Structures are given as C-alpha cells and as structure tokens.
Amino acid sequence: MSIFEEIMSNDNSIFRNQEIFNIDFFPETIQCRDKELKSILINVKPLLNNSKVLNSILMGKPGTGKTTVIKHALMEIEKHTDMKTCYLNCNIQNTLRKCYSQIFKVLFERNPRNNVGTEIIQVEIMEKLEKESFILVIDDMNYLSPRDSSKLINELFRSTEFYHLNMAIIIIVNDISFKYSLERNAQNILQCNEIYFQEYTSEEIYSILKYRCELGFKKGVISDEQIRRISEYTANYSGIREALISLNLLGQKIESENRDKIENEDLAERILFT
Ligand SMILES: Nc1ncnc2c1ncn2[C@@H]1O[C@H](COP(=O)(O)OP(=O)(O)OP(=O)(O)O)[C@@H](O)[C@H]1O
Ligand SMILES: [Mg+2]
C-alpha cells in the first residue's frame, strides 16, 4: 500500500470532528459570556419598538470572544425578529468605500455600480434605512485607517440628525486605546455603551477547551488533567486561538504516528514550551 493509500484509507482517526479546532469554527454553545451577550441584546431591544437605541462599543484583547458573541447575537436576532443586520469586518472591508458597498449589498441585495460615487451610495443607503430596522456591526474597526474610521463614525453617528433612522451601531475593537486614535470630532461623537470583554481565567478557558475537546476528539484521546494544564498555560502565556491551533496540530501528530492518545511529553513538546 502506498503512503497516499495508507493515509487516505485510514478511518481510525483520533478526531471525532477535526473542524471543531478550526479557529473560524462557530461553536453552537458559547461559554462564560452570558453577561456580555445580555448587554448587547438589551442595548438593541428598543429597536423592536422603534425606540431610540444607544450605540455600543465592544472592547477586549484578541481572542476574548467578541466576534463569537456578536455573531451569536446576530444569529438569534435574525432568527427571532424581522430586523435586518449587517456584519462588516474591517480586515476585509478595509476602506470606507468597501464598508458602504457591503452595507449597500445587504440592503439592496446587489453590488453598487462601480462608477457611482461613495456619497451617492451613502444617500441611497440612508433613504433605504428610513424604512428598515437595522443593526450594523463593524468588527475589528481598529484595522481601518484612523482617517476612515473617524469619517465613518462621524457620518454614521450623525446620520440620525438628517434621516429618521431606526438603527443600532455596534463597533468592535481589540485595542482599548482605539478611541484616542480617532480625530477629535469623532472622539466626541462616539458616545456609546461600552462593553468590556475581560481576558478569560484559566477556569473559563478550561470550560471552553473541554467542550471543544469533547466534540473534536474521540473519547480517551486527551485527559481532563491535560486540558487543565493547557488551560493554565493558555491563561498565563498565550490565548484560546493558539490553544485551539495547538490541539489540532497535536491531534494530527498523534494520528500520523498511529497512536491513540496524547501523552504528557507531547504536551510539553507541542504546547507548553512553544
Ligand atoms: N466564550 C467562548 N465560547 C466558545 N468559544 C470561544 C469563546 N470565546 C472565544 N472562543 C473561541 O476562541 C477563538 C477566538 O474567539 P473570537 O474570534 O470570538 O475572539 P475575538 O475577541 O473576536 O478576537 P479578535 O479581537 O482577535 O478578533 C474562536 O475560535 C472562538 O470559537
Ligand atoms: Mg474578532
């Protein structure tokens, strides 16, 4: 049997579902963030009665669950209400034009024409928004240039002065000093509910990783004690994203060596001292 055939025909995987360890995997259950999820939902609730909402800003270091929680909130809102939602990620929508184009696309279900100026797209968006209840999430906003983020905040937050809007804006940043990078007028206008995502404790990381390991690995592949050790290390020296990537690599290594469980030496080699 060739190596190719051996690898491809091996269905004795130690993984129950390897996708669980992908960092873009969206977990059905979110642990330890009930308080933050509640705050987000309470903040957008007035939209249901066409009442005025205060916009929100979610802040926290990388890997503290901001994107996971907001996506969960949007999913629930879409499932249970007829509010329209738009999720922007400034790693992708990394210019003002791309942000407005994406909002346009969500509202009109088509791309804006290339030769149309951004100001015209903006007006079309605002006119459409007068007829909709809308939640706009701008994730990773600190990846926009300070000039673009200042402009976007100014234009969006001040739009209620010119249009009759039923809109909630939720900004997400992983840099607490974000506000101070903005131009002065944007800083002044950015009056928001601030929701902080504190770093996870070792116990919280344990419950998140335990859940992933139970779904991702077959029984007996990793012990409870090993998950605890990884959680402690993660809380002190790295982050959940790194822990998930390491668990995935570790699983692959064990599998490629035809072993059926993780040994403590593997942890020392792959996670604890990387
Ligand atoms: N409370 C949680 N429950 C389950 N999984 C979580 C939780 N928090 C984080 N994760 C997992 O950790 C990883 C990082 O989380 P997430 O992307 O939400 O962090 P973030 O705060 O948005 O980070 P960044 O600022 O870098 O964008 C994801 O794979 C996510 O599934
Ligand atoms: Mg994020």
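Five residues of domain 1 are in contact with four residues of domain 2, two residues being in contact if their C-beta atoms, placed from the backbone, lie within 7 Å. The residues on the side of domain 1 that touches domain 2 comprise three nonpolar, one polar and one charged. Here Ala, Val, Leu, Ile, Met, Phe, Trp, Tyr, Cys and Pro count as nonpolar, Asp, Glu, Lys and Arg as charged, and the others, Gly among them, as polar. The model is predicted: local features need pLDDT of at least 70 and side-chain atom pairs count only at pLDDT 80 or more, whereas totals for chains, interfaces and linings use all residues. Residues are numbered from 1 along each chain as its sequence is written, while chains are lettered from A and ligands numbered from 1 in the order in which they are written.

Domain 1 covers 3-26 + 200-272 and domain 2 covers 34-197, with bounds taken from an automatic or database domain assignment. The C-alpha centres of domain 1 and domain 2 are 35 Å apart. Both domains give residues to the shell around ligand 1, so the ligand lies between them. Of the 20 residues around ligand 1, Pro 62, Gly 65, Thr 67, Thr 68 and Asn 174 come nearest; a residue is near a molecule if its C-beta atom, placed from the backbone, lies within 6 Å of it. The shell around ligand 1 has eight nonpolar, eight polar and four charged residues. At least two residues of this shell are supplied by each of helix H3 (66-80) and helix H11 (240-256). Helices (H or I, at least four residues) and strands (E, at least two) are DSSP runs, numbered from the N terminus.

The end C-alpha atoms of H11 are 24 Å apart, which agrees with the 24 Å that its 17 residues should span at 1.5 Å a residue; the expected span is 1.5 Å times one less than the number of residues. Buried positions in H11 are Ile 240, Ala 243, Leu 244, Ser 246, Leu 247, Leu 250, Gly 251 and Ile 254. Seen down the axis of H11, these buried residues fall within an arc of 165°, so they line one face of the helix; the arc is that of the directions from the helix axis to the C-beta atoms. Arg 241 and Ser 256, on the other side of H11, are exposed. A residue is buried if 20 or more other C-beta atoms, placed from the backbone, lie within 10 Å of its own, and exposed if 12 or fewer do.

In helix H6 (residues 146-162), Ser 149, Ser 150, Leu 152, Ile 153 and Leu 156 are buried. The buried residues of H6 pack against helix H4 (96-108), strand S4 (166-173) and helix H8 (184-189).
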